[in-house]
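Colleague: I am new to this structure and would like to know what lies behind the labels. Could we go through some of them?

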Amino acid sequence: MAITAKEVQALREMTGVGMMDCKKALTEAEGNMDKAVEILREKGLAASQKKAGRIAAEGAAYAAVIDGVGVVVEVNAETDFVGKNEKFVEFVKGVAAVVAKEKPADMDALMAAPYGNGRTVQEEQQEMVLVIGENIKVRRFTFFTEGVCVPYIHAGGKIGVLVNLETSLTAEQVNEVGKDVAMQIAALNPRFLDKSQVDQATLDEEKKIMLVQMENDPKMAAKPDKVKEGIVTGKLGKFYKENCLLQQEFVKDNSMSVEQHIASVAKSLGGTIALKDAVRFEKGEGIEKKQENFAEEIAKQLGK
């Protein structure tokens, strides 16, 4: 079957592998993108599949603690210029305030909630479209009502992170460690918070990839299966360190993991700190669709 340049480019962006290898993998996989990624990984050409979907949907991700409630929201706009517009920024903060006050169960409930000026969030969104002259869409939100929340906003709204801690200490005491964790999440975007969250299907897939890589390595292929299994088990430790936040090296001090850093801070302050949850929103990310369909999906939501 014919493989298009667009498909090759998409695979290259997902894996970081060269164009020719991507084309060969797509041809072998008969155009199946997921299978092509697997082929590249088995050949040792792709270390892991990068998250797809980091598309240029503009707007802002915003995180804050409002009246004790931790909130993170994403609101989309058409251009980066509007994403920095004062009225747009006020609307984003207003939406976050509604989430904190109303604690909506889902997006429909949020859009029907009172914005605080006699209009609903839906009506205020429509007003923003008229005033600013661009399509605007509240995309997603999350909030935490328990524990201590620490927000972090990166690059003026490109990424919003909300860290939720369970602690015996005050919010002021854990703010710095919470921000450190939030910044690490913003920078490295771990797939899991802790290795206990890695499901068996993911582990099985990683083991399969590692075993195929060894089969393709002349130095490893002849080793007994029991030895290969032992090597795979050892390599899973590296997988956890790369993909699980608490097991990752702490960016500010790579002599310890994030988990060890949190424990160290808790000990020095004479209390307990545990990472309960965390959410990372990056504008334009989060829809499990092909890259070229993202703009179309947003336009559909906006009724354009």
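Colleague: Why is Cys-244 called buried?

Modeller: This is a predicted model, and in it Cys-244 has a relative accessibility of 0%. Buried means under 20%, so Cys-244 counts as buried.

Colleague: What makes Cys-22 buried or exposed?

Modeller: Cys-22 has 0% relative accessibility. The cut-off for buried is under 20%, therefore Cys-22 counts as buried.

Colleague: Why is Met-19 given a label of its own, partly exposed?

Modeller: The relative accessibility of Met-19 is 36%. Buried is under 20% and exposed is over 50%, so a value of 36% makes Met-19 partly exposed. Met-19 is in helix H2, residues 19-28.

Colleague: What does Met-19 touch, leaving out residues up to four places away in sequence?

Modeller: Val-8, Gln-9 and Arg-12. Val-8 is 11 residues from Met-19 in sequence, and their C-alpha atoms are 6.5 Å apart in space.

Colleague: Why is Asn-76 called buried?

Modeller: Asn-76, in strand E2 (residues 69-77), has a relative accessible area of 3%. Buried means under 20%, so Asn-76 is buried.

Colleague: What makes the pairing of the Asn-76 and Glu-74 side chains a polar contact?

Modeller: The distance between them is 3.1 Å, and the cut-off for such a pair of N or O atoms is within 3.5 Å. A polar atom of the Asn-76 side chain also lies 3.3 Å from the backbone oxygen of Glu-58.

Colleague: How do you know that the length of helix H9 agrees with its number of residues?

Modeller: H9 has 16 residues, 200-215. The expected span is 1.5 Å times one less than the number of residues, which for H9 gives 22 Å; the end C-alpha atoms are 22 Å apart, so the two agree.

Colleague: Which residues of H9 are buried, and why are they said to be on the same side?

Modeller: The buried residues are Thr-202, Leu-203, Glu-206, Ile-209, Met-210 and Met-214. They cover an arc of only 135 degrees around the axis, which puts them on the same side of H9. In general, an α-helix has 3.6 residues a turn, so residues three or four places apart point the same way.

Colleague: What covers the buried residues of H9?

Modeller: The cover includes helices H3 (33-42), H10 (218-221) and H11 (225-243).

Colleague: What caps the N-terminal end of H9?

Modeller: Asp-199 does, with a side-chain oxygen 3.2 Å from the backbone nitrogen of Ala-201.

Methods: Residues numbered from 1 in each chain as written. Predicted model: local features only at pLDDT ≥ 70, side-chain atom pairs only at ≥ 80, totals over all residues. Heavy atoms only, no water. Helix = DSSP H or I, 4+ residues; strand = E, 2+ residues; numbered from the N terminus. Buried < 20%, exposed > 50% of the residue type's maximum accessible area, 1.4 Å probe, protein only. Polar contact = N/O pair within 3.5 Å; in protein donor to acceptor, adjacent residues only side chain to side chain. Arc of directions from axis to C-beta. Contact = heavy atoms within 4.5 Å.
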